[in-house]
Amino acid sequence: MATLSAATRKKLQRKFRLRGFTLKVDALEEAADFLARFPDAEDDALDLLLDELDKEPLESSILDRDAVRRVVSLLVEAEEAVDAASPAATSARSALRVVDSFVVPRFHYDPIKKVFYEHTSRLLIHGEAGDKAALYRDRYQVLLQRLARDIYFSKPAFDTVMTEDVNCESLIGCTGRRWIMGVISQLEERQFYLEDLTGAGNFTTFLNTQHKITSGFFVENTVIVAEGELLSNGIFQVNTCGFPPLEDREASLSILMGLDFFGGGVIPTEETVRLATLEKKAMNDMFVILSDVWLDSPETMEKLGIVLDGPSKALPRCALPKYLTEELQKHIPNAIFVSNPCRVKFYTQEIVFFRQDLLYRMRRSCLIPPTTEETSDPFEHLVATITHQSHLCPLPLTVQPIIWNYDHCLRLYPTPHTIVLGDKSEQKAFKYTGITCFNPGSFANDSTFAAYRPCTKEVELSALES
């Protein structure tokens with residue numbers, strides 16, 4: 001029998017009461033024993049138990065041990081039946097899902113209704129002029145709705161006293177100390193401008209490069225939050241600026257109410273509980289990741305290089321065509337060729353893979369040198385940039401072209417569990433606000449690679465002996 005803490009008792013009673021049930025003491029203990037089977041997925045297990053109880057023809061809303069035990073027995077039997085199934089079948093069906101970028105759903109944010117809705121019409125590869133504007137507007141809206149929930153930037157529900165304004169707003173019709181969120185650009189040398197949705201064309205905001213900024217790479221088109229004074233001549237004198245604060249993954253998911261931003265499909269609660277249990281048991285499962293791999297034959301290398309280079313360098317990049325891979329697939333039938341970037345769902349864990357020399361491009365395109373107060377490691381600055389921007393490649397389109405209608409494929413919202421950046425730079429691993437980020441290094445240059453254990457989120461940086 002599970003030891004029932006006061007917190008668990010209170011949670012059980014509250015959850016059951018919300019569904020219209022009252023628990024007797026023995027029923028409470030039975031429910032606690034069931035939750036003890038899923039220490040890493042208690043909330044999902046509890047929701048599943050309540051869903052099944054709702055389907056039962058109960059004589060009373062006051063539940064005793066027998067009523068709860070009957071449902072628990074059915075759920076346990078179902079779990080055991082899954083465990084007894086073929087491991088190969090389980091793996092093929094649910095352990096690993098590879099998601100191509102071009103099938104990732106696209107969502108727009110409605111700032112009036114404050115909800116996301118899915119784009120259902122066909123997405124054109126060659127977009128119109130309005131699609132380019134929508135690219136930046138959608139990036140901005142995703143970050144703005146996230147910022148609006150942050151405790152330091154959200155307005156009080158009942159604000160009867162005039163206080164100093166720390167809300168992130170437009171500059172229109174305002175003076176004094178303000179917080180503003182906008183897209184940074186450089187229109188003249190050493191003069192930087194911010195532009196928001198409501199102030200476009202009406203205000204430009206000057207940023208003094210001597211003022212303190214937080215860590216990360218400030219390149220054109222990144223979204224920043226700035227604090228300063230709006231002067232009478234319309235110039236915004238900045239004191240401090242930084243990236244929009246991050247939001248916890250679970251907080252984002254609770255707002256999205258089951259929408260599938262990742263692209264792996266919506267998983268029912270019952271399946272999530274089952275996958276979480278299987279994931280916990282997969283102690284020996286490992287990803288071995290090699291990046292920047294070249295072939296030995298100079299001739300083959302040159303030919304393949306021409307094909308891979310292709311007519312376009314725009315992101316996301318399509319998977320290799322079948323006529324190039326069919327010979328290899330004859331020898332390795334389970335090989336999967338996918339887009340860049342791509343996404344992998346391992347049981348309940350979401351992993352994003354991206355092959356790009358991103359660090360070099362970020363450093364070269366940086367408008368303002370990053371601060372060294374928090375860290376002097378360029379890779380850590382890179383991780384901070386892409387996670388706070390909720391985007392894999394927030395570079396100007398002149399530096400890195402992006403297919404306008406498929407910019408959403410590069411979003412990192414909600415934040416995934418793991419981000420793998422295949423870069424030619426030195427291999428690194430960095431855990432940032434609970435997100436595991438690493439670069440396996442260049443296998444071609446120094447024979448480096450990485451091993452990743454998703455069950456424990458541990459990264460082993462390795463290299464072949466010369």
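This is a predicted model: local features need pLDDT of at least 70, side-chain atom pairs count only at pLDDT 80 or more; totals for chains, interfaces and linings use all residues.
Some totals. The protein has 13 helices and 18 strands. Its accessible surface comes to about 24,600 Å². Carbon and sulfur atoms hold 53% of that surface. Now the contacts with a separation of 6 or more: 66% of them are between residues 24 or more positions apart.

Let's start with a helix. Helix 11 covers residues 358-365. Which of its residues are buried? They are Leu358, Leu359, Met362 and Ser365. These four span an arc of only 145 degrees around the axis, so they sit on the same side of helix 11. What covers the buried residues of helix 11? The cover includes strand 13, residues 349-355, and helix 12, residues 378-389. Turn to the face of helix 11 that points away from its buried side. There you find the exposed residues Tyr360, Arg363 and Arg364.

Next, strand 17, residues 448-453. Of its 6 residues, 5 are buried, so strand 17 is largely enclosed by the rest of the structure. It has pairing to show with two strands. Phe287 has Tyr452 of strand 17 as its bridge partner. Strand 18, residues 458-463, also pairs with strand 17 in the antiparallel sense, over 6 bridges. In that pairing, Ala451 stands opposite Glu460 of strand 18. Strands 17 and 18 form a hairpin with 4 residues between the strands. Check Lys457 in that hairpin: it takes a positive phi near 60 degrees.

How many aromatic pairs does the structure hold? There are 15. Take Phe116 and Phe261. Their ring centres are 5.1 Å apart and their planes stand at 90 degrees, so this pair is edge-to-face. Phe116 is in strand 5, residues 115-118, while Phe261 is in the loop between helix 7 (249-256) and helix 8 (269-281), so the pair ties together parts that are 145 residues apart in sequence. Are Phe116 and Phe261 buried or exposed? Both are buried.

Now back to Phe287, paired with Phe353. The ring centres of Phe287 and Phe353 are 6.3 Å apart, with planes at 50 degrees, so the pair counts as tilted. Phe287 belongs to strand 11 and Phe353 to strand 13, so this pair links parts that are 66 residues apart in sequence. Phe287 and Phe353 are both buried. And recall that strand 13 is part of what covers the buried residues of helix 11.

Ring pairs link Phe107, Tyr109, Phe116, Phe261 and Tyr413. One charge over a ring as well: Arg343 lies over the face of Phe262, 5.4 Å from the ring centre.

Last stop, Glu227. Where is Glu227 placed? It is in strand 9, residues 223-230. Its relative accessible area is 9%, and the cut-off for buried is under 20%, so Glu227 is buried. What does Glu227 touch, leaving out residues up to four places away in sequence? Its contacts are Arg177, Arg178, Trp179, Phe236, Gln237, Val238, Asn239 and Thr240.

That's my tour. Questions, please.

Technical notes
Residues are numbered from 1 along each chain as its sequence is written. Side-chain values use heavy atoms; hydrogens and water are left out. Buried means under 20% relative accessible area, exposed over 50%, partly exposed in between (1.4 Å probe, protein chains only). The arc is that of the directions from the helix axis to the C-beta atoms. Contact means heavy atoms within 4.5 Å. Two strands pair if DSSP finds at least two bridges between them. Rings of Phe, Tyr and Trp (its six-membered ring) pair if their centres lie within 6.5 Å; planes under 30 degrees apart count as stacked, over 60 as edge-to-face and the rest as tilted. A charge sits over a ring if NZ of Lys or CZ of Arg is within 6 Å of the ring centre and within 35 degrees of the ring normal. Accessible areas come from the Shrake-Rupley method with a 1.4 Å probe; for residues, only the protein chains shown count as cover.
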